[in-house]
Structure formats: structure tokens, C-alpha cells
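I am opening a notebook on this protein.

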Amino acid sequence: MLARHQDPIVAIATAPGRGAVGIIRISGKALAPIIQTLCGRSLQPRQASYLPFQDAQGQVIDQGLALYFPSPHSFTGEDVLELQAHGGPVVLQLLLARCLEAAAETDETTNLQRLPGLRVAEPGEFSERAFLNDKIDLAQAEAIADLIDASTETAARSAARSLSGEFSNEVQALLGKLVHLRMLVEATLDFPEEDIDFLKQADASGQLRRLQATLADVMQRARQGAILREGIKVVIAGQPNAGKSSLLNALAGAELAIVTPIAGTTRDKVSQLIQIDGVPLHVVDTAGLRDSHLPGLDEVEKIGIERAWGEIESADAVLFLHDLTRQNTPSEAGVAAAYRAGDVLIRQALSDKLPAATPVIDVWNKSDSAAAVSLAETIANDRTAVVISAKTGAGLEALRQQLLHLVGWQSTPEGVFMARERHVQALNEVAVQLARANEQLSAQQPALDLLAEDLRQAQRALSQITGEFTPDDLLGEIFSKFCIGK
């Protein structure tokens, strides 16, 4: 534990801005002297007391509730004092300043400062202390921030499950089985002179297979949780006037992007957060894609096309939008041929620029047009394509469901706990180590020392999720992204 973790800390624990109630939170050791100063009397543990909060001259700053939670029965595991006042920014700043001032004052009976070293908390420091004092593990601490940041109801419920310990319990169960398996291997290594094959008698191979099966289930739900937390970045791409902005508006249910028949209307990206079945989607409308060297393109549109490709390259999924009305127009055969050639060039560029794992969904728009009906019916037989009308909404639900399927959303919300990318990476590392261990265990002459090391590395990776083996720099990165006061 670092030296700064010994300091008492104080912060405004409610969001910035005006509100009915605002909270000042103090955490540290031996808070009795500052409680007496701020509240004018001692407080009964876990009982709300209504009283005035006064400045150093005895003038009333506000009246509100004071709550005292003695160690270790508090959120941080230390003594905690909460002052609940009216939620005006000026009032809370005055109370915060008064707390710092009172802490530095000398107590007349002891001739010591009332709370030496009290300072304003750093982001996430209250939650960090709860973790360091074994009130919560690291996965639960991260779930606090995820619950605050949740952008959908499904994400909030999943974060609440992680905060209650559901994800941690899964990890601990895996750890218990892994430690037991390690014990068998270590016993075989420690007592080679004994004519006992611990591994065969205990069905170590069967234990390892069952452990891998359980891990696969946890990994699948963790990936779903990571999708809930991070959301999915979906970029709409295609030639000018294919209906990209109309599709964004249709998916969002609002007129977010300007729609006109003029090519190049969208010059820069337009983003909107929407949800499908509780999964957050960051949908990005981009400038129409065409050869930026064509005559007549102004500099603004060229920049828009360049930015569009930048968004596409960072997408989790791409909706490649095609205009059915321009695919086959007998009266304008040259126009149709040029349009199809443009789609071919975009297809090739998508193949060159995108990772193989990034799904590209062909979306055929304007199925409501009379000229496009027969073509739409033909394309609808292709299960990899989706035929829609951004104007009427036809086909949008099928598009939503295919999008979720392609990015890996499979679980029902009730079975998903919130997880982060680092959790998924740790579980992947465990899977790799267990696969190596299985190879060793399946060999005719297992190298038990290598088997033991594989299991040890698997345990280490798994323990990083709950924070049993976590570098200090990773802790700093995690908690620095919390809001101040949590």
C-alpha cells in the first residue's frame, strides 16, 4: 500500500451541477475530532442526524443530514463521514473548503490537528480504498464505474450483477478448481519416491477438461458483457445518395442527419448512440465514398471522404449500403454501370483496409421504389444481404438482428455479467495455458514441471481479474478513470 493511501481524503460525492441533494464524503482514520467540529457533537453510528453545518465563525452554511460509518463497517473500510446538504455547487464548495479548514485546525484538548493530512480525493480513490481494504475485489470496483456509465438498461443490470459479486464468484470457482489441480501436480512432483500416481487416481485429465468447459462458458458470457460495456461501433458506408443518412435517421428514430438528393450533402461524420435489445450501438454516418480525384469535388468533400475511411477502418461492423434504384436502370444504362463499378471499387477497398474479422453487411436500400421491386426480391434470396427501405422502415428489424448476430451477441441479458476487455484478455490467456497443460497431461510421458508452470500461469492470469495479482500501474490506470467522489 502506497503512502498516499494512509491520508484521509474528502470529496464531493455527487455529480457536478445543481440538484436537490449533494454529498460531501470523508474517509480516514479517527474522524471523531473533525466530526465534533463539523457537526457540533458526536454522532451515533449509522444514524442520520439533522443539524446545521457551520463555518469557522459559526455562521450557518446549510442544514442537512450527517451520517457516520465507523471502520470497518463502511464502504471504504475506514471511518467514513457523509454530509448531505442541498445540492447547489456553491454550497458544496463551501462545505468542502470548511472540511479542509477544520482538519488543519488545532484541537484545544489535544493540541493536535483535528485530521492531519486531509486532502481532496483523486478520481476513484474511495473505491480504490474499498478494494485495498478487502471490501470489494477489483472486478466489483470496476463494476461501480460501469454501473454509473451504463448507457442501456441491460448494461446497468449486468453491471449490478457484477457489483453484487456474480462475476467474481464465477472467477473464484474457477480458481478453486485450478488450485486443486495444481495441488495434485505439485504433490506428484514433491513425492516422486512414492509409488502413487496422484494424477490418474484423482482423474486429473477429467478435472482439466471440466475446468476448460466451465471456462468456455464464463468466457462466452464475459465477451457478451464486454459488448454491453464497450458497445459496438457501426459505420454506414456507401456511395453518395445511397441513403446512408436516411438509414441513420431510421435506426435512431430521429432526424439527426440532413437528407437531400444532392450528392455530397454529408461532409463529415454524424454519430448517434442507439440500442438494440439493450446492446449499445455507436452508429456513424459518413460522407459518400467516391474517387477523391474526380473533377468537381471540393476540398471539404475530399476531407470528408478521407475521414469516412478513417471511421470505417476502426469499425466493429460496416453496413455497406447499396442503392437498388441505381443498380439496373435500362434508360440510363451508363449511369447504372458506373454505379455498379463504384460499388466494386468500394468492395475492394473494404477488403484491403479492414481486418478479416470485421463483418461487412450488404444492405440494399430503397426497396419501396417500384423500379427496384423485382431486383429486391432477387437479392432477398441471398441470406448474407439485407433488403430494406430506410424510408418506410421495411427490413430494419432484420438488419438489427443480423448486426447483433455478426458482432457476437448471443446470450440472454439475464445470464450476462458486465466485463471489460482486460477481463476477456485474461480469460483468453487462461484458456491458452490450460490448452498447453492439456497437451502435457495427454502426453505418454508428461513433463510435470512444465505442466505445473502452465497451471501456475493460468492461475496468475485468472487472479488478475479480481486483483489478487495486479501491478500498481494497472490499478492506477483503472481507478483514474472513475469520477471524483467514488
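This is a predicted model: local features need pLDDT of at least 70, side-chain atom pairs count only at pLDDT 80 or more; totals for chains, interfaces and linings use all residues.

Entry 1: How are α6 and α8 oriented to each other, roughly parallel or roughly antiparallel? I looked up helix α6 (residues 166-190) and helix α8 (residues 204-230), and they pack at an angle of about 160°. Their axes are 10 Å apart. Angles over 145 degrees count as roughly antiparallel, and α6 and α8 are therefore roughly antiparallel to each other. The crossing of α6 past α8 is left-handed. I then listed who makes the contact. From α6 come E166, F167, E170, L174, K177, L178, H180, L181 and L184. From α8 come A204, Q207, L208, L211, T214, L215, V218 and R221. I sorted the contact of α6 with α8 by class: ten nonpolar, three polar and four charged residues.

**Entry 2: the whole chain.** I stepped back for totals. The protein has 16 helices and twelve strands. It has 486 residues, and 47% of them are buried. I also checked contacts between residues at least 6 apart in sequence: 67% of these join residues at least 24 apart. The accessible surface comes to about 23600 Å². Carbon and sulfur atoms hold 53% of that surface.

Entry 3: Next I took helix α4 (residues 138-149) and helix α5 (residues 153-163). Their axes come within 8 Å and cross at roughly 155°. So α4 and α5 are roughly antiparallel to each other. α4 passes α5 in a left-handed crossing. On the α4 side I find Q140, A143, I144, D146 and L147 in the contact. On the α5 side I find A156, A159, A160, S162 and L163. By class, the contact of α4 with α5 has seven nonpolar, two polar and one charged residues.

I picked out I144, which sits in helix α4. Is I144 buried or exposed? Its relative accessible area is 7%, and buried means under 20%, so I144 is buried. I144 and A160 are 16 residues apart along the chain, and their C-alpha atoms are separated by 8.0 Å.

**Entry 4: an enclosed helix.** How many of the nine residues of helix α9 (residues 244-252) are buried? I count seven, so α9 is largely enclosed by the rest of the structure. The buried residues are K244, S245, L247, L248, N249, A250 and L251. I looked for what covers them. The cover includes the strands β7 (232-238), β8 (270-276), β9 (279-285) and β10 (317-323). Helix α13 (396-406) is also part of the cover. G253 follows α9, and its phi is positive, near 70°.

Entry 5: Most residues other than glycine have a negative phi, and most peptide bonds are trans. I looked for exceptions.

- R46 has a phi near 60°, a positive value in a residue other than glycine. R46 lies in the loop between α1 (32-39) and β3 (49-54). R46 is partly exposed, with a relative accessible area of 48%.
- D277 also shows a positive phi, about 50°, although it is not a glycine. D277 is in the loop between β8 and β9. With 46% relative accessibility, D277 counts as partly exposed.
- The peptide bond from S71 to P72 is cis, with omega near 0°. P72 lies in the loop between β4 (60-69) and β5 (79-87).

Terms used
Residues are numbered from 1 along each chain as its sequence is written. Side-chain values use heavy atoms; hydrogens and water are left out. Helices (H or I, at least four residues) and strands (E, at least two) are DSSP runs, numbered from the N terminus. Buried means under 20% relative accessible area, exposed over 50%, partly exposed in between (1.4 Å probe, protein chains only). Contact means heavy atoms within 4.5 Å. Accessible areas come from the Shrake-Rupley method with a 1.4 Å probe; for residues, only the protein chains shown count as cover. Axes are lines fitted to C-alpha atoms, for helices over the stretch in contact, and angles run from 0 to 180 degrees between N-to-C directions. Angles under 35 degrees count as roughly parallel, over 145 as roughly antiparallel, 65 to 115 as roughly perpendicular and the rest as oblique. A crossing is left-handed if the near helix is turned anticlockwise from the far one by less than a right angle, and right-handed if clockwise. Ala, Val, Leu, Ile, Met, Phe, Trp, Tyr, Cys and Pro count as nonpolar, Asp, Glu, Lys and Arg as charged, and the others, Gly among them, as polar.
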